[in-house]
Amino acid sequence: MRLDQLPLRQVSTIASIDWSRLADSEAKRLRELGFDAGVAIEALHHSAMRGPIACRVGRMTIALRRAQAAAVSVEAP
Amino acid sequence: MNPAPMVALVGNPNAGKSALFNALTGARQKVGNYPGVTVERKTGRMALDDGRPIELVDLPGTYSLDPSSPDEAVTRDVLFGRQEGERKPNALLVVVDATNLDNHLRFALQLVALGLPTIVALNMIDMARRDGLEIDTAALSRELGVPVIETVAVRRAGTDALRTALAELVGDGSRVATPAAAPDDIAVLQRRARAIAARVTVARSDSRDWTRRIDRILLDPVGGPIILAVLMFVMFQAVFAWSQAPIDWLADLQAWLADAAVKSLPDGFLRSLLVDGVINGVGSVVAFLPQILILFAFILVLEASGYMVRAAFLMDRLMAGVGLSGRAFIPLLSSFACAIPGIMATRSIDDPRDRLTTILIAPLMTCSARLPVYAVIIGAFIPARQIVPGVGLQGVVLFGLYVAGILGAMGAAAVLRRTVARGGGGGFMLELPKYQMPIWRDVAIALWQRAYVFLRRAGTVILSVTVVLWLLTSFPQAPDGVKKSEYSIAGRIASTIEPIVRPIGFNHGMALAIIPAMAAREVAVSALQTVYSIDAGDDEKIGQERLSLRLRGAWSLPTALAFLAWFVFAPQCLSTIAVIRRETNGWLWPAFTLGYLFVLAWSAAGITFWTATSLGL
């Protein structure tokens, strides 16, 4: 399941990240913000009109667009 | 004697670094720029227990030492002693957020590995406890191999312990170690950070997570944007409603000063210069200090509370529609206070084309320098009527002008993104920090800095422009029966540009007012003041009247509305153009900005004037 499909407020784990789908700068920032296989993740908010997603990664809340979220695979909750 | 030892304050964004910097240095701060790059340099002095001074430099908040952004490059270069205009630090003070150790420890590990004398400030320890986290500080210190001190920067807790530890660390300040190469595999560092965080942290039961609960309301797909719109509306209403009393006090002060000058000086050149030029000219600008401070206060509080990045989250979809990212929202909102810090804040945008577009449209955001102009014209031509209780017509018109600027900016962005700034990805990824009570002391310091900058401008740029303008409008002396403002040097300059602006409904006085407004928009107000008080001649009674009354007699409503429309778009501020040149490294983009804004302003004023005239207003 991809992060942009993860139902809201269900705790899951990042299975893998397809770094090749991301631009270098995006990949770097995603790593800096703590995205990594095995980290706990929970989608918290979807903004209107298919706007960005806010999710809890580790102890941080991160906002990212759906296009980037689609590169993150999560375990089905 | 050695210079005062230098300690560099480093850490992730949102670690509470600035709060700690303020707690340690108080108001003894200097803010400037690193030479050649547009990264803010903030230094301050603190005294150790034994009275020895330490120079503390607050480096930009960054996530790593990977030099991909200007902020990170400066941080790295300062630490390695390669940054021009900065000496090598004697020691590092690394700030980490205790509630977010997994992530902040990664950067801390990278910094500790440099091998410089280092202290880690475990900040926001109170929030961690509130969240149900128990951190074994001694164990953390063993894992990192450096002293760890618990702090609560917002309440100045732990600063004494920090001072003591720093005194030990820097010694006499003569030792300057050379840093080792920094490890740069983020993934490896991150795993170590997570492992250490897990070993030193004991999470107790479920926490009361306020941020989560508040976000469920404020980030609601429907409710969130409505709350944001209401908040913005309240902000702009407050700018008008709350400023009335202080504006009246300033007006009283100005009248008293003018009166005192009139009484103590003989009639003539000097008195006219002092009263018409200096006191009334500068006074008419300073009168808007309350409104500017109210606007800044709102922006500072929203930023400090953590709401501003939520606004970016809510706005991202809309910004993406014109090819920008939600990240552009923060620089653009800052541009409501002043385009200069707004344009400088675009450095946080990674994508160069996103950034360029944001820079080019930032001048369209209604900066506080337009407020004096808007306030005078609205005050003169829009009746102070309540539409519904608590909502005044004047406030609605002001809100409309802000909206016009925003729509203009969005339209410009959409066009620019398809033409001169085409291409580029333009992602949006950012951290939503926890909500916090703003630290009122820090808000007060920032407000004071803005007020100081504004008053310094009033005392220098605006004062000299006002005086020069007074001279230009007063000489040569007009013969009897000829209007002074027509005959003077300024009048003749205005006459040459008048043909350009006459079609859009501008009269001679307005053509005259927009010239000095290039130095600072708010000068338009004192320019109008000068023009119309000079035309009033020596009649003391009329000379004392308010500018708005005078304007109501001299301008038609379509003309006034056209003037407002002009100021929404016009490239009326040379400092902004200078900053664009600095930020884009060349004359191409500032010249482009001047050109496109002029065309936009002329068309907008024209359309307003022609429409209003044909409607018979």
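How many bridges join strand 1 of chain A to strand 5 of chain A, and in which sense do the two run? Three bridges join them, and strand 1 (residues 12-17) runs antiparallel to strand 5. One pair to look for in this predicted model is A:Ile17, whose bridge partner in strand 5 of chain A is A:Val72.

That pairing belongs to an open sheet of six strands, in the order 5(A)-1(A)-2(A)-3(A)-4(A)-12(B), with antiparallel pairing. Strand 5 (72-74) of chain A and strand 12 of chain B sit at the edges with a single partner strand each, so one side of each has no neighbour in the sheet. On average, neighbouring strands here are turned by 40° against each other, direction ignored.

Now for the place where the chains meet in that sheet. Strand 4 of chain A is joined by three bridges to strand 12 (residues 429-431) of chain B, and the two run antiparallel. Here A:Ile62 has B:Glu431 as its bridge partner.

The contact between the chains takes 29 residues from chain A and 29 residues from chain B. On the chain A side, helix 1 (24-32), strand 2 (40-46) and strand 4 (60-64) each give two or more residues. Helix 1 of chain A gives the most, with seven residues. By class, the chain A side divides into 12 nonpolar, nine polar and eight charged residues.

Over in chain B, strand 6 is worth a look. Six of the six residues of strand 6 (residues 118-123) are buried. B:Thr118, B:Val120 and B:Leu122 point one way, while B:Ile119, B:Ala121 and B:Asn123 point the other way.

| Partner strand in chain B | Bridges to strand 6 | Facing residues |
|---|---|---|
| Strand 5 (residues 91-97) | six bridges | B:Val95 opposite B:Ala121 |
| Strand 8 (residues 148-150) | three bridges | B:Ala121 opposite B:Ile149 |

Finally, a helix pair in chain B. The axes of helix 27 (residues 574-584) and helix 28 (residues 588-614) come within 7 Å and cross at roughly 145°, in a right-handed crossing. Helix 27 makes the contact with B:Ile577, B:Ile580, B:Arg581 and B:Thr584, and helix 28 with B:Trp589, B:Pro590, B:Thr593 and B:Leu594. That contact has five nonpolar, two polar and one charged residues.

Key. Residues are numbered from 1 along each chain as its sequence is written. Chains are lettered from A and ligands numbered from 1 in the order in which they are written. This is a predicted model: local features need pLDDT of at least 70, side-chain atom pairs count only at pLDDT 80 or more; totals for chains, interfaces and linings use all residues. Two residues are in contact if their C-beta atoms, placed from the backbone, lie within 7 Å. Helices (H or I, at least four residues) and strands (E, at least two) are DSSP runs, numbered from the N terminus. Ala, Val, Leu, Ile, Met, Phe, Trp, Tyr, Cys and Pro count as nonpolar, Asp, Glu, Lys and Arg as charged, and the others, Gly among them, as polar. Two strands pair if DSSP finds at least two bridges between them. Axes are lines fitted to C-alpha atoms, for helices over the stretch in contact, and angles run from 0 to 180 degrees between N-to-C directions. A crossing is left-handed if the near helix is turned anticlockwise from the far one by less than a right angle, and right-handed if clockwise. A residue is buried if 20 or more other C-beta atoms lie within 10 Å of its own, exposed if 12 or fewer, and partly exposed in between; C-beta atoms are placed from the backbone.
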